[in-house]
Amino acid sequence: MKNKKKIIKIAIDSPAAAGAGTVAKKISKHFNLLYLDTGKIYRLLAFYKLKNEKKFKNTFIRKKIGKLKIKDLQGKYLLSDKIGIEASIIAKNKNIRKIVHNFQLRCAYKFPKKFNGSCLDGRDITYKIVPDADFKFFITASTKVRAKRRFKELKKLGRKIAYNDVFKSIKKRDYRDYNRRFSPLKKTSDSILINTSNLTKKACFFKIKKIIETKQKKNGNI
Ligand code: C5P
């Protein structure tokens with residue numbers, strides 16, 4: 001009898017610029033998982049809102065999300081600070097979160113057969129979107145480290161921005177994300193804490209890879 005493929009689902013929550021996206025992408029590639037950066041969905045919606053606020057109604061949002069493909073979320077234009085701030089305002093809206101929910105579920109549970117599972121990162125993934133994930137991580141770093149990283153990233157993209165403004169905007173977003181009423185950012189008790197303040201990207205990748213492989217070995221999955 002053919003061996004049934006063991007599916008793995010990874011859920012990651014993290015505050016802005018903690019390095020979750022970078023490591024999630026690497027881990028997904030390594031374990032052949034479908035990767036979804038859920039923040040990009042809110043960023044894309046923020047882009048639409050900034051482009052035409054009058055048009056930005058539930059029916060419009062539903063239509064856009066209904067047709068959404070992961071490849072639509074890859075544009076560098078979504079990385080700006082302005083869009084990040086607007087995304088965190090949009091993300092407080094319960095109706096918008098509901099619309100986005102189904103798309104995330106599809107990615108987490110109904111990924112194409114060529115993948116061995118899924119890996120989603122965001123703010124409410126570990127307890128709302130994929131509560132039954134096989135691996136849950138809360139990835140964080142100090143505000144200063146995160147602001148420095150985001151500043152470098154934005155500079156690399158050629159954006160004219162001051163470090164202090166990046167620092168302030170990260171603090172503002174943290175406040176909104178941790179304190180909102182619906183789906184706030186939090187570390188669940190069953191999530192493994194990874195502090196990346198003093199970790200290189202490589203070290204962070206190996207740390208998470210080891211955690212996954214150790215559990216898989218223990219369960220006899222590899
Ligand atoms: O992860 P990123 O910084 O791109 O996310 C942009 C914003 O989208 C966050 O500040 C947060 O307010 C929102 N978001 C969310 N829930 C998620 C992912 C992102 O509320 N699952």
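1. Two strands count as paired if DSSP finds at least two bridges between them. Helices (H or I, at least four residues) and strands (E, at least two) are DSSP runs numbered from the N terminus.

2. The model is predicted: local features need pLDDT of at least 70, side-chain atom pairs count only at pLDDT 80 or more, and totals for chains, interfaces and linings use all residues. Residues are numbered from 1 along each chain as its sequence is written, and side-chain values use heavy atoms, leaving out hydrogens and water.

3. Five strands form an open sheet with parallel pairing, in the order β2-β3-β1-β4-β5. The edges are β2 (34-37) and β5 (192-195); each has a single partner strand, so one side of each is left without a neighbour in the sheet.

4. Strands β1 (residues 8-13) and β3 (residues 117-122) run parallel and are joined by six bridges. Ile12 has Asp121 in β3 as its bridge partner.

5. The ligand is surrounded by 15 residues (a heavy atom within 4 Å). The closest are Arg43, Arg97, Arg173, Asp177 and Arg180. By class, seven of the shell residues are charged (Asp, Glu, Lys or Arg), four are nonpolar (Ala, Val, Leu, Ile, Met, Phe, Trp, Tyr, Cys or Pro) and four are polar (the others, Gly among them).

6. At least two shell residues come from each of α2 (39-51), α4 (81-90) and α8 (163-179). Helix α2 gives the largest share, three residues.

7. A polar side-chain atom of Asp177 lies 2.6 Å from a ligand oxygen atom. For Asp124, a polar side-chain atom lies 3.1 Å from a ligand nitrogen atom.

How values were computed
Polar contact = N/O pair within 3.5 Å; in protein donor to acceptor, adjacent residues only side chain to side chain.
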